[in-house]
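I opened the model and kept a notebook of what I looked up. The entries follow in the order I wrote them.

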Amino acid sequence: MPKVQFSNSATSVFVPDGSTVLEAARIANITLEAPCNGMGTCGKCRIKLESEQADYVLACRTTVEEDVTVFLENKEQENRSMKILGEGQSFSYTLKPCIVKNYDAGKTKVIHRTGIVGTEEGDTTKSIYGISVDIGTTTLVTTLIDLRTGESLATEHALNPQSEYAQDVLSRIHFASKDNGIEILQTSLNKALNGMIEKMSKTAHIDSNHIYKLVYSGNTAMLHMACGIDPKSLGQYPYVSQLVGNTHVSANQLTVSPFAKIYLPPIISAFVGADITSGILASQLFARGDTTIFIDVGTNGEMVLARKGTLAATSTAAGPAFEGMNITCGMRAAEGALERFSIDEDNQISYSVIGGGKARGICGSGLLDLTGELVRSGVIGKNGKFILPEKSPVKGLGKLDGKTAFFITDEVYLTQKDVRQIQLAKGAIRSGIEALLIQLDMTAQEVDRVEIAGSFGYHLSESSLLDLGLLPPDFKGKVSFVGNTSSSGGAAFLLNTDFRDEMAALVQTIEKIELSNSEGFEKLFVKALGF
Amino acid sequence: MSRKENQKNLLFTALAQAIIDMEEESATAIAKEIVRADFSSLSAIEIGVSGGMEQVGLLYESGEYFIPDLLVCAEIAETAVSILLENAPKEPLKKACVVIGTVAGDTHDIGKNIVALFLEAAGYQVIDLGKDVSAQRFVEEAVTHHADVIAVSTLMTTTMGNIKDVIDLLVQENKRHLFTVIVGGKPLSEEFAKEIGADGYAECAIGAVRLVNKLLQIKSA
C-alpha cells in the first residue's frame with residue numbers, strides 16, 4: 001500500500017494501489033474541495049506533487065501507485081474570511097415560543113406544545129434556547145435565539161462541508177444515492193453544526209444542554225440529506241420530494257438537550273424548499289396587497305411571485321458561475337477576490353478587492369459587476385460577444401491564446417467562455433422570472449417590488465442586475481435586498497408556533513412550476529441569454 | 001470548369017455564407033435558385049447547408065457564436081433543406097438515420113434539440129423521441145426506423161446512469177451490433193462514454209455531426 005504524505009498538515013495515510021489523491025485526502029480527513037465530485041471538470045482540487053514537474057495536477061484524476069508527498073493550498077484561511085450574511089429582514093410578531101418551562105419542587109419541567117418532553121434537576125427556567133439553521137448548498141448559518149425574549153444571542157457561519165464532496169445540488173444528490181454517500185453527507189453536516197453550536201454557546205455563555213429546538217431552513221435536497229433520507233427521487237423526473245415538512249425529526253446527533261427536536265418547515269416542492277417557505281414568512285409575501293417577486297439569487301435561483309395573496313413558485317438551475325465556479329479566474333468571496341467593479345464616464349475602470357490587497361480572482365458579485373459594466377459600456381455586445389479590441393472604448397481588451405479577453409490585471413481576466421457561462425446563469429434566472437409572470441398572466445411593469453434574498457444577492461447591485469438583463473428593465477427602482485430570510489424566517493418559526501400550520505396551509509395553495517417541462521420554456525430561455 | 005459548374009459552386013458557397021450570416025431571405029432565394037437550375041439537392045445540402053453549419057459550429061466553438069445564434073442558423077438551414085427537397089428527384093436522399101432523445105428521468109432537452117437540428121442540417125434523417133425517453137423506447141424506435149445511430153443525452157448528473165440502461169438493454173436483447181451509440185450532455189465526458197460502452201461522445205452539436213460522420217465511415221469501411 002502506498003503512503004500519501006500531506007505536507008502542510010503533517011498527516012499521512014496509506015491507501016490501496018490506484019486510489020486517487022482525492023480519495024486519500026478524504027480518508028485522511030483532510031479538507032480538499034472537489035465541487036464536481038471528482039469528475040475532473042471543475043479544476044478546483046489542484047494540488048502539487050513533490051515528484052512531478054508540473055505546476056499542478058488534479059487530485060481527483062491523479063492515482064497513487066507509490067509513496068507520494070502532496071502539497072495543498074491552504075483553503076482554511078480562505079474559508080474563514082469568506083463573506084456570509086447572517087441577517088435577513090423580518091417582521092413583528094408576538095412571542096409564542098415552542099418550548100416553555102415550569103419549576104416545581106426542585107425540578108424543572110420542559111414543555112413543548114404537545115406536552116411535557118422532559119425534566120431537569122434544579123431551576124433552569126431562565127435558560128430556554130433554540131437555533132435557526134440555514135442549510136445552504138454552499139454555506140451554513142446558525143443563529144442562537146433566546147426563546148423567552150426572542151433575542152439573537154450569537155451567529156456562526158461556515159462552509160457546508162458537504163460541498164467538498166459535491167458542489168452543486170444534482171452532484172450531491174448523485175453522491176448521496178450511492179454507497180454510503182448519505183451517511184457521509186449527514187455525518188459531515190452534523191459535525192459542522194456541532195462545532196457551530198459549541199462556538200455559539202461559548203459566545204453567549206450558555207449551556208448547550210438548554211437548546212431544545214432547531215429549525216432547519218434549507219432547500220429540499222439539503223433537508224433530505226440533513227435527515228439522512230435518500231434524495232434520489234429529487235434528481236429524476238417527475239422530481240418527487242420524500243419530505244413534506246411541518247414535521248419534527250430527532251436531534252440526537254447534535255450536542256443539544258436530550259429532549260431537543262428539529263423542526264422542518266413546510267416544503268414547497270422538490271426544487272423549492274423550506275428556505276423559501278421561511279423567506280415567504282419573513283417577507284410576509286402572502287399578506288401584501290401589492291405584487292412582489294421574491295428571488296433567491298444563487299446556484300439554484302428559487303423564486304416566488306405573489307400577487308395579492310396568489311403565489312407561484314419555481315426554481316432555475318443557474319449553476320455555480322455565480323459562486324465563481326466554471327469561471328477561469330473565478331473564486332469564492334474571500335480575501336483577494338475582486339468584489340466590485342465599475343467604469344466611469346471617462347471609461348476608466350476602478351475596482352475593489354476583499355481584504356484590500358492584490359486581486360487574485362473574481363468572486364460572484366465582482367463577476368456580475370464586471371460583466372454588467374462591460375455590457376453597459378459596449379465592450380460586450382448584446383449577443384454576449386466581446387467587440388474588437390481596437391473598437392473598445394475601454395482599455396483592457398487583449399488576446400489570450402489568440403482569443404479576446406478582458407484583462408483587469410495580467411493574472412485576472414474575463415474570457416469569452418466566461419461571459420457565455422454568465423449568460424447561461426443569468427438566462428436561467430431571467431427565464432424563470434418570465435415564466436412566473438406568464439403563469440400569473442402579468443407583465444414586469446405590473447410588479448411593484450422586487451426582493452432579492454440570500455447572502456449572495458446581498459452583495460449585488462440593482463444596476464448590474466439590470467445591465468446584465470438578469471432582471472427585466474421594468475424592475476428598475478423596485479429592487480431591495482432583504483438578506484438571509486431563510487435564517488430570519490427560521491427564527492420566526494421558532495418563536496411563534498402558530499406560523500407552522502399557517503404556512504403549511506399556504507404552501508398547499510402555491511402554484512408550483514417545473515420549468516424544464518413547461519410549454520415554451522426553450523424560447524424563453526434562449527431569449528433570456530442575450531444582454 | 002464549365003459555366004454551369006461554376007454557377008453551381010457559386011450558389012453552394014453563397015448558400016453556406018447566407019446560413020453563417022443568418023440571412024434567411026437570401027438563403028431561401030438561393031435554395032430556390034438551386035432548385036430552378038436543377039442542381040443536385042444532395043450536393044447542395046452537403047456543400048451548401050452542411051458546409052455552412054460546419055462553419056457555424058466552428059464559430060460556436062471559438063466563442064464567437066452562442067446558443068441563440070446556433071438556433072437562428074439551424075432554422076435557416078432547415079428551411080433551405082426543405083426547399084431543396086421539395087421537388088427533389090428520386091435520388092437516395094438521406095445519409096443515415098439517427099434516433100435521438102433525452103434519457104429517462106430527465107426533462108431538459110434544449111441541448112438535445114440543437115444537436116438534432118445540426119444532424120438534420122448535415123443531411124441525416126433524425127427521429128427525435130423527445131425527453132424522459134425510456135431505454136425500452138430508444139431500442140424499439142431504433143429497430144422500427146432501421147436506425148444507424150442512437151444518440152442519448154442528459155443534462156443532469158443524477159440521470160447519467162440511466163444512459164447505461166440503454167446500452168445494457170441493447171446488449172441484453174443482442175442488438176448492440178446493430179447500432180452506433182453516441183452520448184452527450186453537460187455532465188458527460190469521453191471517459192464516461194467509454195466506461196458505459198458507448199461508441200462515442202461529443203461536447204457540442206457540430207462535434208456530434210463530426211462524430212457521427214466519423215463513426216459511420218469507420219463502420220462502412
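Is B:His146 buried or exposed? I counted 10 other C-beta atoms within 10 Å, so B:His146 is exposed. The cut-offs I used: buried takes 20 or more other C-beta atoms within 10 Å of a residue's own, exposed takes 12 or fewer, and partly exposed lies in between, with C-beta atoms placed from the backbone.

**Ground rules.** I am working on a predicted model, where local features need pLDDT of at least 70, side-chain atom pairs count only at pLDDT 80 or more, and totals for chains, interfaces and linings use all residues. Residues are numbered from 1 along each chain as its sequence is written, while chains are lettered from A and ligands numbered from 1 in the order in which they are written.

I returned to B:His146 for its backbone. Its phi is positive, about 50°, although it is not a glycine. B:His146 lies in the loop between α6 and β3 (149-153) of chain B. Helices (H or I, at least four residues) and strands (E, at least two) are DSSP runs, numbered from the N terminus.

B:Asp132 is not a glycine, yet has a positive phi of about 50°. I found B:Asp132 in the loop between β2 (125-128) and α6 (135-144) of chain B. B:Asp132 counts as buried because it has 22 C-beta neighbours inside 10 Å.

In chain A I noted a cis peptide bond from A:Tyr237 to A:Pro238, with omega near 10°. A:Pro238 sits in the loop between α5 (220-226) and β13 (247-250) of chain A.

**Chain B overall.** I counted nine helices and five strands in chain B. Along the sequence, the pattern is α-α-α-α-β-α-β-α-β-α-β-α-β-α. The C-alpha trace spans about 55 × 35 × 25 Å along its principal axes. Why call the radius of gyration of chain B in agreement with a compact globule? Such a globule of 221 residues would have a value near 17 Å, and chain B has 18 Å. The radius is taken over C-alpha atoms, and the globule rule is 2.2 Å times the number of residues to the power 0.38.

Buried residues make up 49% of the 221 in chain B. I then checked contacts (C-beta atoms, placed from the backbone, within 7 Å). Of those in chain B with a separation of 6 or more, 75% join residues 24 or more positions apart.

**α1 and α3 of chain B.** The axes of α1 (residues 3-20) and α3 (residues 41-61) come within 8 Å and cross at roughly 35°. Axes are lines fitted to C-alpha atoms, for helices over the stretch in contact, and angles run from 0 to 180 degrees between N-to-C directions. The crossing is right-handed. I read handedness as left-handed if the near helix is turned anticlockwise from the far one by less than a right angle, and right-handed if clockwise. On the α1(B) side I listed B:Phe12, B:Leu15, B:Ala16, B:Ile19 and B:Ile20; the α3(B) residues they meet include B:Ala44, B:Ile47 and B:Met53.

**α4 and α5 of chain B.** I got an angle of about 35° here, with the axes 9 Å apart. This crossing is left-handed. Among the residues in contact are B:Leu70, B:Ala74 and B:Glu78 of α4(B), and B:Ile114, B:Phe118 and B:Glu120 of α5(B).

**Core.** Which residues have the most contacts inside the largest nonpolar core? They are B:Ile19 and B:Phe118, in a core of 237 residues. A nonpolar core is a set of buried Ala, Val, Leu, Ile, Met, Phe, Trp, Tyr and Cys residues joined through C-beta atoms within 7 Å. Leaving aside neighbours within four places in sequence, B:Phe118 contacts B:Met53, B:Ala74, B:Ala205, B:Ile206, B:Ala208 and B:Val209.

I looked at B:Ile167 next, in helix α7 (residues 160-172) of chain B. B:Ile167 counts as buried because it has 23 C-beta neighbours inside 10 Å. Its C-alpha is 7.5 Å from that of B:Ile196, 29 residues away in sequence.

**Interface.** How many residues of chain B are in contact with chain A? I found 20, against 23 residues of chain A. α4(B) gives the most to this side of chain B, with four residues.

Definitions and conventions. Two residues are in contact if their C-beta atoms, placed from the backbone, lie within 7 Å.
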